[in-house]
Amino acid sequence: MISYVLRQVGLSVGVLVSAIIILFSLIYLVPGDPATIALGPRASEQQKIVFRQSMGLDQPVPVQAFHFVSKLATGDLGTDLLTRQPVLRLVGAALPKTVTLALTGLGWALLLGVPMGCISAMRPDSMTDRLIGLVSTSVVALPSFLLAIYLLIAFAVTLRWLPAMGAGEPGDIGDQIQHLILPAFAVGLGWVGYIARLVRASLLETLQENHVRTYRAFGVSDTRIAMRYALPIAMIPVVAVIGVGLGNLLSGAVLVEVVFSRPGLGSLAHDAVTTRNSPVLVGTVLVTTLLYIAANLSTDILSALLDPRLRKEA
Amino acid sequence: MTAIIDMNDFSITYAGERGPVPAVRGVNLTLEKGRILGLVGESGSGKSSLVSAMLALLPKSAKVSGRLSIGADDLYALSEAQRRAMRGQRLATVSQDPFTALNPVIRIGAQLVEFQHRLKGISRSQKLERAREMLARVGISDPGTRLTQYPHQLSGGLRQRVAIAAALLVNPSILIADEPTTALDATTEAEVIEIIRELRGAVDGSIVFVTHDMGVVARLCDDVAVMYAGELVESGPVAEVLERPQHPYTRALLACDPARIETPSRSLPTIPGTVPSPHALPAGCIFSPRCGAVIDICRSVRPAFLPSDQSRVACHRTEAS
């Protein structure tokens with residue numbers, strides 16, 4: 001198990017290094033002069049030269065690459081062009097909010113989706129199964145940002161049950177939770193249906209396997225077989241699919257943040273794009289990449305915990 | 001003599017998309033306590049359906065008629081809950097494929113404890129100890145370590161021994177071994193058969209051993225029942241049926257057993273034709289389209305399953321003689 005984890009961590013580091021290289025290349029492959037883009041078309045040539053020097057853009061590309069990587073290694077992501085604050089601090093403040101939103105969304109989707117899938121698989125083609133199937137496929141098709149807008153209109157603007165904007169007062173947990181309910185609902189709803197369908201299909205397949213017949217032949221009850229012996233196997237592919245889909249979940253969270261004006265990576269990236277604030281944009285993209293890699297790493301480790309056969313290869 | 005399994009005109013019909021499928025028809029079979037029955041037949045002969053019926057594991061689409069008694073109980077007159085209560089207590093099974101019969105993500109020990117769930121009043125550690133002793137009895141070395149391992153860490157032969165140990169742990173009155181050696185190589189097969197021979201005394205009841213290998217029947221079983229296309233064509237003591245087969249299908253089956261062929265030839269003997277589909281069964285005797293000794297009556301009247309010497313046979317030719 002330890003060697004498996006170490007190998008997966010090693011692979012993740014490799015992916016991270018490749019991501020940094022691609023990110024750096026992208027910045028310099030994009031056509032156009034960064035100084036003109038940053039300062040606007042009316043900037044004087046003198047201003048542009050000063051800008052290039054301050055950003056180190058007058059250096060040869062390999063030197064720039066070296067600076068980029070060595071600054072990354074010390075945790076320096078550059079400074080915000082507008083506020084002159086370190087990007088690391090901005091990203092560091094935004095990251096927990098986005099992670100909280102994404103995990104809350106996924107968490108409640110799992111809490112609802114897994115039992116729904118189990119009920120469906122235990123009674124396939126029953127009325128309950130059909131109803132769950134109908135609800136699932138309906139919500140899967142709903143984009144989270146669209147849902148966010150409707151939730152905002154219905155519950156925050158018209159009914160005034162829940163707050164519309166922001167993430168709540170710092171330090172006030174109750175207020176923060178109130179601010180989390182609607183965005184988390186928007187982020188997770190599509191996943192409820194998705195997870196319910198995945199669990200249903202996977203559990204139905206597992207229940208066909210020969211070992212399930214063995215347990216039935218020993219008189220173990222169908223519910224116990226499904227929950228104790230089939231569900232852990234059925235969850236293996238579900239966990240893998242969720243891991244791959246976490247990127248999707250993050251981008252959903254990012255859009256929902258923009259709709260709810262919630263501080264987070266989404267708002268940060270959105271503002272950075274609209275104000276052409278490239279160090280902040282690079283910082284958010286890098287951290288999002290890191291988040292994605294961390295999510296995949298935890299998926300791999302969780303899969304190995306569920307499936308002893310994965311741990312075998314050292 | 002007490003009959004432990006008694007089937008009387010027992011039939012199984014599946015609800016299929018193209019209408020009902022009569023998979024097993026009119027089986028009359030008795031197995032006495034302490035004996036090993038070899039249930040022989042080709043793929044599609046209905047032996048797997050019959051095994052599922054004996055284990056009360058038929059799918060919902062199956063309808064049964066006639067009687068199948070386990071001891072004094074008419075199995076299909078009982079409620080579903082009563083039938084389930086027999087599984088894992090009076091009925092136990094060793095399945096065909098040792099590679100898929102155990103849960104891949106649970107340790108062997110935990111699985112063997114679960115299989116003893118009917119045993120009340122003994123602790124988990126006592127069940128684990130029973131499991132360890134049983135693994136030692138089926139010839140598994142270092143049983144303590146095996147209990148902490150996962151199925152994929154064991155070879156096929158070891159896994160089948162674990163499955164046999166699992167079945168013996170519940171002290172069944174009927175142990176049904178559904179082709180337990182088909183997936184194993186010849187050496188391992190011989191070992192597994194040897195274990196069942198040695199442990200037959202540990203089963204306080206009878207063993208049904210499903211196979212398509214007449215050689216295994218000869219080595220292991222006391223009685224043999226031959227199935228063809230969903231019907232029982234011949235049954236009786238092994239010595240009798242193997243030495244003096246009366247049904248043409250039994251004779252053909254024995255003639256195809258490579259171990260019994262005395263003069264080497266370029267090709268193995270086969271039975272001409274194919275097993276009829278349950279959707280298009282021939283009138284009269286089920287074997288008549290492929291039978292070399294067919295007479296007129298075979299094509300119109302279904303032969304009764306009648307005693308003949310020490311066996312019972314469904315054939316017009318033996319009836320006539």
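This is a predicted model: local features need pLDDT of at least 70, side-chain atom pairs count only at pLDDT 80 or more; totals for chains, interfaces and linings use all residues.
**The interface**

Begin by displaying chain A and chain B together. Here 22 residues of chain A are in contact with 27 residues of chain B. The area buried between the two chains is about 2,300 Å², and carbon and sulfur atoms give 57% of that area. Next, select A:Arg213, A:Ala217 and A:Phe218, the residues of chain A that lose the most area to chain B. Together they account for 29% of what the chain A side buries.

Now select A:Arg224 and B:Glu114. Their side chains meet in a salt bridge, with a distance of 2.6 Å from N to O. The count of salt bridges across the interface of chain A and chain B is one. Polar contacts between chain A and chain B come to 13 residue pairs, counted where both residues have pLDDT 80 or more.

Colour the helices of chain A to see which elements take part. Those giving two or more residues to the side that touches chain B are helix 9 (210–217), helix 10 (222–259) and helix 13 (308–311) of chain A. Helix 9 of chain A gives the most, with seven residues. By residue type, the side of chain A that touches chain B divides into ten nonpolar, four polar and eight charged residues.

**Within chain A**

Stay in chain A and select A:Ser120, in helix 5 (residues 87–122). A:Ser120 is buried, because its relative accessible area of 1% is under the 20% cut-off. Which residues are in contact with A:Ser120, leaving aside its neighbours within four places in sequence? They are A:Asp129, A:Ile132 and A:Arg200.

Then move to A:Arg84, in the loop between helix 4 (61–73) and helix 5 of chain A. A:Arg84 counts as exposed, at 57% relative accessibility. The phi of A:Arg84 is near 65°, a positive value in a residue other than glycine. For background, most residues other than glycine have a negative phi.

**Within chain B**

Turn to chain B and select B:Asp9, which lies in strand 1 (residues 3–16). B:Asp9 also has a positive phi, of about 50°, although it is not a glycine. Its relative accessible area is 45%, and B:Asp9 is therefore partly exposed.

Next, select helix 1 (residues 47–54) of chain B. Seven of its eight residues are buried, so this helix is largely enclosed by the rest of the structure. The buried residues are B:Lys47, B:Ser49, B:Leu50, B:Val51, B:Ser52, B:Ala53 and B:Met54. Just after helix 1 of chain B, select B:Ala56, where phi is positive at about 55°.

**The cysteines of the last stop**

A disulfide is a covalent bond between the sulfur atoms of two cysteines. How many disulfides are there over all chains? The count is zero. The sulfur of B:Cys285 has its closest cysteine sulfur in B:Cys298, at 5.8 Å, which is too far for a bond because the cut-off is 2.5 Å. B:Cys315 is likewise in no disulfide, as the nearest cysteine sulfur, that of B:Cys298, is 6.2 Å away. Are B:Cys285 and B:Cys315 buried or exposed? B:Cys285 counts as buried at 10% relative accessibility, and B:Cys315 is buried with a relative accessible area of 7%.

Terms used:
Residues are numbered from 1 along each chain as its sequence is written. Chains are lettered from A and ligands numbered from 1 in the order in which they are written. Side-chain values use heavy atoms; hydrogens and water are left out. Buried means under 20% relative accessible area, exposed over 50%, partly exposed in between (1.4 Å probe, protein chains only). Helices (H or I, at least four residues) and strands (E, at least two) are DSSP runs, numbered from the N terminus. Contact means heavy atoms within 4.5 Å. Buried area is the accessible area (1.4 Å probe) that two parts lose on being put together, summed over both. A salt bridge is a side-chain nitrogen of Lys or Arg within 4 Å of a carboxyl oxygen of Asp or Glu. A polar contact is a pair of N or O atoms within 3.5 Å; within protein, one must be able to donate a hydrogen and the other to accept it, and residues adjacent in sequence count only if both atoms are side-chain atoms. Ala, Val, Leu, Ile, Met, Phe, Trp, Tyr, Cys and Pro count as nonpolar, Asp, Glu, Lys and Arg as charged, and the others, Gly among them, as polar.
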